[in-house]
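Definitions are given where a term comes up.

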Amino acid sequence: MPRVLAFMGCVVLSVTLTIASAFAKDVGYRLPASVTPSFQKIELNIDPDARNYSGSTVIDITVNTPINKVGFYQIDLNITQAFLTQGDATMALTVSEGDYNINWGAAEEEIAKGDYQLTLQFEGKLDISSDGMYLSQFEENNYIFTQFEDMHARRAFPSFDEPAFKIPYQLTIISPEKHLVVSNTPVAKRTVNDGEQTVVFEKTKPMPTYLLAYAVGPFDSVELTGLSVPGKVYVPKGHAENTKFVVKHTPKILTALESFFGIKYPYKKLDFVAVPNFTYGAMENVGLITYQDGLLLLGDNPSLKERSYSLSTIAHELAHQWFGNLVTMEWWDDLWLNEAFASWAATYTMKQLYPELNMGESIIQEIAFEEDGSPTVKAVKKVVRNQSDVMDGLELNYSKGESVLEMIESLIGTEKFREGVRNYMNKHAWKNTVADDLWAALDDVSEFSLSAMMKDYLEQPGYPLITFAQNGTVTQTRFHYAGAQVAPQTWAVPLKLTYKVNGSIKQEVVFIDEKITRLPQLAEAEWVFPNDNATGYFRWAISNTQLTALLNDLDVLNNREKKNVLFNTRAMLKAGAINIGDVMSVLNALAKDTEAEVKRAAVVVLLDFTYLVNDGNRDNYAALLTQEYLPILNALTLEQSSEETESEIELRNSLYYLLGRYAQNESLIEKSKALTKQYIEDTTSVPADIAKTAIVVSTKHGDPAMFDRIVAAYKKATLPNVKMTLLYYMSFTDKKTVNRMLDLALSDLIAPSEALYMPIIISRNLEDDTLLYAWLEENIDSLISKMPDFHVSRMPEFLSTTCDIDNLNLAKAFYEPIKDNYQGMARSYDVMLDNTQQCLRLKDTFQEDFNRYLSHYSVE
């Protein structure tokens with residue numbers, strides 16, 4: 001014990017010095033460098049059966065320069081007492097609120113340099129959405145959960161709520177004896193008196209406030225055996241039996257990550273909590289990782305997609321115990337340091353442990369390209385002043401960040417990449433870092449200079465389009481969709497070239513960092529494929545002659561590369577560089593491929609054209625699907641066997657959805673109705689993904705009376721994913737049922753974290769959103785008061801992005817009066833407008849071309 005305490009004391013000192021140097025230039029949206037914390041005690045008196053609570057906190061601080069006020073963060077708390085102590089001296093503080101949730105405790109006299117204790121007593125009210133410390137009712141029981149990332153710890157208790165303040169904490173929770181209380185660390189002491197328990201947890205290792213967590217309620221638990229530390233899975237009462245899958249697989253994931261990092265799991269315990277009301281997928285809290293309940297409560301035989309999502313999420317959150325927890329970004333502008341590396345490490349681990357789930361075939365860049373192609377997108381590393389700034393473009397921290405890391409790994413090799421990562425982790429353990437620290441670590445193990453490349457990709461928005469002329473001239477511009485205006489940019493771009501010259505295929509790696517580069521070796525190339533294994537974060541263009549030649553040699557490409565040819569061609573269509581027929585020639589070539597993974601890419605691209613389907617061409621589009629793609633589905637059938645690969649299963653799912661929605665096939669509609677009826681009666685009798693599409697198709701064409709049967713089955717179901725399948729795949733479009741579906745969003749059946757889901761589903765089902773906005777006009781106050789902040793701020797882009805001018809006008813009329821009333825909503829409104837206007841430009845550009853192509857398919 002003395003050795004551990006001494007080690008922690010040393011770390012605290014180094015953290016304090018790091019913080020002081022990091023605040024050389026104070027900014028108004030962060031706490032000043034004049035005060036730094038080193039340890040915080042928190043005591044909370046909370047009860048899941050009561051909304052109000054009280055608490056106190058004592059924070060050890062160092063005043064670095066003479067001041068007259070001390071800053072700290074809090075939101076919606078009532079500070080009842082505030083004072084500083086130094087030895088026997090006490091100094092009262094008068095608290096006032098400032099900007100950016102900063103409160104100031106002002107003293108009547110100057111506060112001299114030195115060490116003090118800041119004591120704050122407070123009262124608060126439990127949130128009922130899913131931000132901060134919140135109350136959640138599930139199956140007649142009440143629970144308290146926490147979600148503090150990114151800036152929500154300040155909602156639960158006053159603190160120095162910034163990731164740079166990485167200090168130890170000690171938590172004490174007073175609550176009714178009947179409840180189980182868990183937190184980041186093991187229990188140090190528990191006493192009970194008159195039905196009330198006081199639980200004191202062990203002091204944490206240095207960590208930021210956003211990683212603190214606790215839960216209170218009538219939990220059941222299951223042991224997580226086979227870990228390097230003790231662990232449990234905590235679940236709502238009565239659901240312990242549904243954790244077997246997670247209990248089985250977690251130990252091997254943790255072991256694989258410990259091996260990759262060369263560092264044992266750095267905390268005393270590893271617990272999971274299944275949370276039935278959770279905005280995000282999961283949260284990497286130190287020693288107490290919280291998950292959306294559907295990720296842990298999977299039953300005995302989860303579907304392939306459920307297995308994949310659960311395991312990859314567990315791998316992501318466990319990777320965070322090193323990336324983000326052991327080594328933490330200094331401020332939220334480097335959030336990608338956490339998320340990109342955790343995502344990369346999760347994918348790496350999944351490929352090693354679960355090759356059958358086919359993660360290696362997934363091209364992460366395609367997830368990022370759509371958002372990152374918008375002219376309104378911001379760089380991954382951007383100025384962050386408040387919570388909505390963090391959430392603006394949040395997804396790119398994961399997808400673009402991971403894509404850039406994958407590109408680097410492909411350049412320097414996995415072993416060198418791992419060496420750089422291990423050096424980075426060992427050098428900065430228990431500390432904070434900035435992006436330059438990572439770039440330096442990777443530069444040290446690479447023959448390439450990676451710093452400039454990484455800065456270009458992460459400190460600039462967008463990505464390059466690399467155009468290859470047949471004379472060997474290579475030009476880079478910023479990729480943009482047709483009609484969009486973007487500022488000129490250049491990148492340091494690694495090109496892993498494959499090309500064919502005089503019948504011989506050659507490969508090499510070149511870097512380009514100028515607008516125009518000459519590569520004479522490509523002047524005589526029959527074709528050029530510049531994206532070996534599809535790891536590059538760019539789009540590319542070659543001449544039609546070279547593309548035709550490449551299509552004739554498709555067998556030299558692997559599955560990822562074939563998919564990249566198709567996705568890249570689709571992107572060039574959206575950029576206005578080619579026409580529908582050009583894309584269809586590539587699509588038709590890949591649809592005939594022998595690999596299910598490649599065929600599925602063709603189906604995905606075909607589904608992407610549905611924004612051009614209208615009353616005038618709907619029958620012809622159905623004829624195309626019937627002639628070209630129904631035979632593929634018929635060969636697969638709607639029966640899933642245990643011998644099928646992941647690609648075959650996903651191909652069936654994609655085909656079924658496309659054909660079920662758009663082929664107008666009566667036989668398929670009737671099969672869907674039968675499958676829905678079967679699933680409602682026995683949710684184990686139909687694979688989940690087939691059941692989802694069956695519900696989509698049958699409710700789109702079915703009797704509205706089916707709504708009551710589906711809701712009854714939802715109420716009866718116990719597994720979260722079954723509930724999701726039943727409720728969120730209904731596609732009714734009649735007025736009465738649409739309003740009944742929307743009313744569910746405000747009912748107790750739907751958790752606050754899911755309140756926006758039903759309006760989103762309705763917006764995707766309806767071609768005319770008049771019914772949706774009429775309901776929103778009447779219920780917006782109730783809906784917003786129920787939703788978490790993240791969904792409120794991003795509501796326009798999540799709910800209202802459209803490709804219809806009438807729906808856009810409805811959205812404008814709805815948001816204009818309210819968008820400035822909620823933090824972040826105005827920015828989301830602008831993103832929605834840009835995305836919608838882009839789609840409308842594409843529709844205007846390609847509608848006639850699409851109609852002309854479809855006219856070749858006769859309607860029988």
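Arg560 is in contact (heavy atoms within 4.5 Å) with Gly360, Glu361, Ser362, Ile363, Glu406, Asn533, Ala534 and Thr535, leaving aside neighbours within four places in sequence. This is a predicted model: local features need pLDDT of at least 70, side-chain atom pairs count only at pLDDT 80 or more, and totals for chains, interfaces and linings use all residues. Residues are numbered from 1 along each chain as its sequence is written, and side-chain values use heavy atoms, with hydrogens and water left out.

Arg560 sits in helix α13. Helices here are DSSP runs of H or I with at least four residues, numbered from the N terminus. Arg560 and Ser175 are 385 residues apart along the chain, and their C-alpha atoms are separated by 54 Å.

UniProt, in an unreviewed entry, places the feature "active site" at Glu317. UniProt positions follow the numbering used here, feature names are shortened, and annotations may be inferred rather than shown by experiment. Glu317 belongs to helix α4. Beyond neighbours within four places in sequence, Glu317 contacts Ala282, Met283, Glu284, Ile289 and Tyr291.

Both residues count as buried, meaning under 20% relative accessible area (1.4 Å probe, protein chains only).

| Residue | Helix | Relative accessible area |
|---|---|---|
| Arg560 | α13 (residues 559–574) | 5% |
| Glu317 | α4 (residues 304–319) | 4% |

Next, helix α21 (residues 706–716). Its buried residues are Met706, Phe707, Ile710, Val711, Ala713 and Tyr714. They lie on the same side of α21, because they cover an arc of only 160° around the axis. The arc is that of the directions from the helix axis to the C-beta atoms. Packing partners of this buried side are α19 (666–681), α20 (688–700), α22 (720–727) and α23 (735–744). Lys715 and Lys716 are exposed (over 50% relative accessible area) on the face turned away.

The largest nonpolar core has 294 residues. Such a core is a set of buried Ala, Val, Leu, Ile, Met, Phe, Trp, Tyr and Cys residues joined through side-chain atoms within 4.5 Å. Phe272, Tyr629, Met795 and Tyr815 have the most contacts inside it. Phe272 touches residues including Ile289, Tyr291, Ile314 and Leu318.

Finally, confidence. The average pLDDT (the predictor's confidence in each residue, from 0 to 100) is 93, and 97% of the residues score at least 70. Residues 1–24 fall below 50. Where pLDDT is low, the predicted coordinates should not be read in detail.

Methods
Helices (H or I, at least four residues) and strands (E, at least two) are DSSP runs, numbered from the N terminus.
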